[in-house]
Amino acid sequence: MAKNISFTIKYWKQNGPKDKGHFDSHEMKNIPDDTSFLEMLDILNEELIEEGKEPFVFDHDCREGICGMCSLYINGTPHGKTERGATTCQLYMRRFNDGDTITVEPWRSAGFPVIKDCMVDRSAFDKIMQAGGYVSVRTGAPQDANAILIPKQNADEAMDCASCIGCGACVAACKNGSAMLFVSSKVSQLALLPQGRPEAAKRAKAMVAKMDELGFGNCTNTRACEAVCPKCETIANIARLNREFLKAKFAE
Amino acid sequence: MTTINSRIPEGPVAEKWSNYKAHQRLVNPKNKLKLDVIVVGTGLAGASAAASLGEMGFNVLNFCIQDSPRRAHSIAAQGGINAAKNYQNDGDSIYRLFYDTVKGGDYRAREANVYRLAEVSNSIIDQCVAQGVPFAREYGGLLANRSFGGAQVSRTFYAKGQTGQQLLLGAYSALSAQVQAGKVKLYTRYEMLDVVIIDGKARGIIAKNLVTGKLERFTANAVVIATGGYGNTYFLSTNAMGCNCSAAMSCYRKGAYFANPSYVQIHPTCIPVHGDKQSKLTLMSESLRNDGRIWVPKKLEDAKALQEGTKQGWDIPEEDRDYYLERRYPAFGNLVPRDVASRAAKERCDKGFGVNNTGLAVFLDFSESIQRLGIDIVRQRYGNLFDMYEEITDVNPGEKVKTVDGIDYYKPMMIFPAIHYTMGGIWVDYELQTSIPGLFAIGECNFSDHGANRLGASALMQGLADGYFVLPYTIQNYLADQSIWPRLSTDMPEFDEAEKAVDARIEKLMNIKGKRSVDSIHKELGHICWEYIGMGRTAEGLKEGIKKIEELRKEFDSNLFIPGTREGLNVELDKAVHLDDFLTMGKLIAYDALSRNESCGGHFREEYQTEEGEAKRDDENFFYVGCWEYQGSDEKEPTLIKEPLEYEAIKVQTRNYKN
């Protein structure tokens with residue numbers, strides 16, 4: 001059965017990328033612990049609006065862990081702490097205790113400027129994808145889908161890499177602000193499939209170059225990214241990206 | 001009286017699409033460079049259309065309300081996508097997929113459109129595989145399939161429980177390639193608020209830059225809306241929080257007919273409502289019904305004990321369980337179509353057999369399949385769904401409680417129907433053009449392919465069919481003679497007028513300065529819609545619902561409070577615009593439901609049912625598409641125009657999933 005908890009929430013307020021920003025706090029009373037974290041923030045906002053204040057702004061959409069929109073840094077961890085990978089929207093209040101102080105911040109990274117409060121601009125990820133995150137195939141009449149057999153193991157592995165939701169938790173967790181886990185997941189997915197092989201080297205190079213250009217840092221193997229990835233992407237992907245990248249360099 | 005021309009090509013149903021393509025007008029490559037197309041929405045339909053049009057040479061302006069095209073709610077589709085490949089050699093064919101879709105839609109879809117959908121379904125799978133979509137495969141390397149509700153063949157392709165995600169990322173990657181090539185210009189965090197009509201044709205949109213709060217004007221030779229459905233009218237649904245019907249409503253107000261709004265799909269397997277602070281309902285994929293069995297207790301006293309919490313699901317022995325779908329529909333069992341499964345759950349709960357504290361839930365139990373297949377195989381198939389369920393409810397459906405007389409008892413899931421998908425939408429003809437020339441609607445936001453009920457794994461199919469394989473052809477038939485017109489200036493009076501109207505609307509909302517938040521009013525609308533325009537409708541209830549929505553509209557107009565200003569980002573203002581449109585949408589659903597004196601698919605009128613409680617259609621009087629025409633004001637009742645349905649290839653029958 002659900003029990004109720006009361007706690008203090010400290011949340012980041014920042015009016016645009018140039019504003020310095022500060023924490024506001026609010027006392028939350030008797031919140032049922034089967035409430036989701038974002039529903040708790042809905043309650044916070046209803047209370048703020050009731051007081052005539054502007055609501056706390058954050059990104060969210062599907063609320064079932066797949067769209068990658070939600071992006072909160074909760075008590076020092078992207079998406080908050082759960083046993084298995086989960087996004088902010090899949091975090092429930094039963095993970096917190098009566099009397100806690102819960103701190104909510106935005107992703108903090110040079111690559112993700114703040115738009116307002118905890119809403120950040122992640123269009124850099126789109127730009128990296130545009131640099132090469134695809135197989136160049138036109139809409140039309142490709143060959144039959146079963147014409148190329150793909151061993152189940154490769155298909156499954158590609159699927160795991162393709163599970164990345166582009167939320168940016170990896171960047172937020174990384175002390176270097178690196179986007180390597182994001183980039184390597186896409187590079188890996190396509191490198192593992194025969195359809196993606198012809199452009200594999202070019203893709204790895206183009207996506208890494210774009211990532212560097214947009215101000216994301218380098219990977220120093222601290223593995224902070226994989227620890228917070230809600231879809232459990234691993235740094236094995238980064239190793240694969242490095243291999244593809246080196247191959248591309250040698251080919252030059 | 002207005003008559004409707006659905007522009008269905010000549011010839012037998014199986015040849016219509018080939019005939020159409022053979023004779024349609026095309027745009028030559030040079031002229032394509034002079035033509036601009038606005039695509040609003042970046043879900044499966046929008047992204048695939050924008051990418052394909054860009055590849056063909058058109059200049060595409062693509063808009064989405066999220067921070068990235070990849071966030072569109074297509075991403076959340078779990079189960080799969082249908083195609084008539086017949087890879088399993090189980091007797092599937094284009095005709096059978098067509099037939100199942102028409103039958104599943106309770107004979108209220110447009111036959112020619114559905115046939116075309118089935119026809120292009122196979123190309124979608126080929127296209128997606130070529131893009132690198134990692135569909136599930138067998139050990140031999142062939143593509144794997146599973147079965148879904150309403151079908152007796154295995155024709156559903158899937159990528160774990162994340163098929164929508166993988167298909168959308170495929171379309172998004174194709175779109176990204178076109179952005180890189182300079183053929184698509186992307187506008188993220190933009191919301192379309194009006195369509196601009198010049199000389200009777202759609203020639204642009206007014207969109208709000210959600211970050212700056214400024215209204216901006218965009219011109220093009222054609223406008224395509226791919227903005228999804230209106231399920232969030234009910235507040236609680238499986239839709240994403242941002243899903244809304246504002247773009248569609250702006251088209252409707254400008255004269256585009258809105259077809260079959262009462263056809264709303266209620267999905268049978270969602271996690272039940274737990275409290276009044278809940279913001280959305282989470283879907284548990286229909287694929288779970290492949291191996292999960294749905295039941296409630298046979299005895300009322302057991303149900304009562306479950307409701308009071310003195311008993312748990314596993315305390316009810318096998319012989320006291322009523323697997324009501326298997327009992328009522330032996331031929332399809334747990335895999336009956338969604339509308340049938342939802343109503344059967346409601347029927348049991350209405351009779352007092354609900355299994356949770358609200359009495360509004362049934363069990364979905366994996367005990368039998370785990371015992372038969374082993375937990376590893378079951379987890380391989382549904383592991384991510386089990387985890388999701390546990391995260392939300394704190395119950396692990398893969399956890400064994402006990403074994404009695406050789407029967408294993410696992411903790412069952414609890415599920416209940418929830419608003420999921422809207423079959424109704426902006427009316428389109430065979431070319432996916434609305435009743436406004438130059439304005440097209442694709443994906444969930446149009447109405448044509450699913451009739452009164454959509455089968456599982458057909459939404460992804462339709463979205464991608466429209467975007468990759470239908471619209472890129474049919475839009476050329478319209479654009480063929482449009483390149484002679486110069487690119488329009490957005491200083492034209494029609495743009496002025498449209499922007500002023502949007503501006504005045506925002507100003508009005510900001511100036512209400514009442515006391516109530518958007519959400520508090522939206523929740524109330526949701527309750528009204530669920531109660532009176534939901535799963536079981538009556539003439540009396542619908543009239544009451546309309547009255548209540550009108551009262552709520554007054555409350556909205558006089559007592560809404562939006563904090564902050566209209567400059568810059570204002571989430572509450574954006575939500576208020578959506579709610580303004582949901583209020584009108586709610587009434588539109590009710591008008592349509594009230595006019596349709598029959599039960600069919602997702603539209604169930606309690607007055608029209610058989611003795612066994614099955615839906616009773618009235619083909620003599622309601623064999624038509626109900627198209628609603630706006631009458632100049634949200635207060636006025638819209639006018640109903642009928643598009644008669646004509647079936648050549650399929651004999652219209654009573655739907656039967658019993659034998």
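Chain B is divided into domain 1 (268-418) and domain 2 (491-644), with bounds that come from an automatic or database domain assignment. The model is predicted: local features need pLDDT of at least 70, side-chain atom pairs count only at pLDDT 80 or more, and totals for chains, interfaces and linings use all residues. Residues are numbered from 1 along each chain as its sequence is written, while chains are lettered from A and ligands numbered from 1 in the order in which they are written.

Chain A also has a domain 1 (4-105) and a domain 2 (123-135 + 150-251).

| Domains 1 and 2 of chain B | 33 Å | six from domain 1, six from domain 2 |

In chain B, helix α10 (residues 338-350) gives the most to the side of domain 1 that touches domain 2, with five residues. Helices (H or I, at least four residues) and strands (E, at least two) are DSSP runs, numbered from the N terminus. That side of domain 1 of chain B has one nonpolar, one polar and four charged residues. Ala, Val, Leu, Ile, Met, Phe, Trp, Tyr, Cys and Pro count as nonpolar, Asp, Glu, Lys and Arg as charged, and the others, Gly among them, as polar.

Between the chains, 67 residues of chain B are in contact with 67 residues of chain A. On the chain B side, α6(B) gives the most, with nine residues.

Conventions
Two residues are in contact if their C-beta atoms, placed from the backbone, lie within 7 Å.
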